[in-house]
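Reader: I am new to this structure and should like to understand the terms used for it. Please set each term against its definition.

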Amino acid sequence: MAIATESRGSEDKASAHANEEKRWVLSDFEVGKPLGRGKFGHVYLAREKRSNQIVALKVLFKSQLKQSQVEHQLRREVEIQSHLRHPNILRLYGYFYDQTRVYLILEYAAKGELYKELTRCKHFSERRSATYIASLARALIYLHGKHVIHRDIKPENLLIGVQGELKIADFGWSVHTFNRRRTMCGTLDYLPPEMVEKTEHDYHVDIWSLGILCYEFLYGVPPFEAKEHSETYRRIVKVDLKFPLKPFVSPAAKDLISQMLVKNSAHRLPLHKVLEHPWIVQNADPSGVYRG
Ligand code: AMP
């Protein structure tokens, strides 16, 4: 792919190969319709003129990044995401900047936000949920193999590609800054007990979040939802897991959720075992893509 070259700004002294790397400028792109709005700027559909490749151009305002003191975080996370290559992880092709803005050149996820789909459908079928959970488990295995913990797996951070495949977006730095849910509660719902209790955490946090996600896919709401934050905290720490009678969810799905939502992080079902779980094996589309 012609566009698959990382770009660094002229300030990057560490870049020994700076001369060989493409330095993008805004005029390399034909900017189209807005795709959405984030906390620090806008996302536009764009076409890279030479390759004709369609991308999503995320435009962040430096002033806002500075004000929120997230510049360093952005730099580090861009560095991480630009090196990841997995069908279920949104590609970051490169970045560039001018005096006032930072531009991220992202893979275009044609089918948009998973969160909107979940809101529209209320909850997903077992087939659809299992297909998504399997693809996320594979993406997390890849990430953990690269010593990257996502820490913020939730519907708002997932996009859907043109084939219907799930794409993990908003890496790491979204943990602290890009909370698309308006209330604090949205964030709390996916926090594992070790983060609620502020003890040390490691890659096992992503298994917990995958369990929360699986529940929310099937039931349409996260498992520890409560009116007050303190109550959500309490339910998370106690692992107060209840399975409503409606919608109907198979015992095998509940079994998988129960094995991921385990307080002792070392006892959570390892991701490769998630892929071998009978509910996943029976329900997930082997192509890894949910086609509706
Ligand atoms: P963000 O700044 O990441 O919160 O993005 C704001 C909105 O833009 C999202 O809610 C999506 O609707 C849209 N968006 C962001 N990135 C992409 C992408 N790569 N492909 C398609 N739409 C996107």
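Reader: What is the mean pLDDT of the protein, and which stretches have a pLDDT below 50?

Author: The mean pLDDT (the predictor's confidence in each residue, from 0 to 100) is 87, and 87% of the residues reach 70 or more. Over residues 4–20 the value is below 50, and this stretch has 31 contacts (heavy atoms within 4.5 Å) beyond near neighbours in sequence. Residues 173–186 are also below 50, with 40 such contacts in the model. Where pLDDT is low, the predicted coordinates should not be read in detail.

Reader: Why is Glu156 called buried?

Author: Buried means under 20% relative accessible area, exposed over 50%, and partly exposed in between, with a 1.4 Å probe and protein chains only. Glu156 has 1% relative accessibility and therefore counts as buried. Glu156 is placed in the loop between α4 (126–145) and β6 (158–160); helices (H or I, at least four residues) and strands (E, at least two) are DSSP runs, numbered from the N terminus.

Reader: What makes Lys39 exposed?

Author: Its relative accessibility is 54%, so Lys39 counts as exposed. Lys39 is found in the loop between β1 (29–37) and β2 (41–48).

Reader: Which annotations does UniProt give for these residues?

Author: In an unreviewed entry, UniProt lists a "binding site" whose residues include Lys39 and Glu156. Positions are in the numbering used here, feature names are shortened, and annotations may be inferred rather than shown by experiment.

Reader: Which residue does the "active site" annotation cover, and is that residue buried or exposed?

Author: The annotation, from the unreviewed UniProt entry, covers Asp152. The relative accessible area of Asp152 is 8%, so this residue is buried. Asp152 lies in the loop between α4 and β6.

Reader: What makes β1 and β4 edge strands?

Author: Two strands pair if DSSP finds at least two bridges between them. An open sheet of 5 strands has the order β1-β2-β3-β5-β4, with antiparallel pairing. Strands β1 and β4 (92–97) each pair on one side only, and they are the edge strands. Strands of a sheet pair through backbone hydrogen bonds, either parallel or antiparallel.

Reader: How do you know that β1 and β2 pair?

Author: The two strands run antiparallel and are joined by 6 bridges, and the definition requires at least two. Phe29 stands opposite Glu48 in β2.

Reader: Which strands does β5 pair with, and how is β5 covered?

Author: Strand β3 (residues 54–61) pairs with β5 in the antiparallel sense over 7 bridges, where Leu57 has Ile105 as its bridge partner. Strand β4 is joined to β5 by 5 bridges, also antiparallel, and Phe96 stands opposite Tyr103. A hairpin through 3 residues connects β4 to β5. Strand β5 (residues 101–107) is mostly covered, with 6 of its 7 residues buried.

Reader: How many residues does the protein have, and what share counts as buried?

Author: The protein has 292 residues, of which 52% count as buried. It contains 11 helices and 7 strands.

Definitions and conventions:
Residues numbered from 1 in each chain as written. Predicted model: local features only at pLDDT ≥ 70, side-chain atom pairs only at ≥ 80, totals over all residues. Heavy atoms only, no water.
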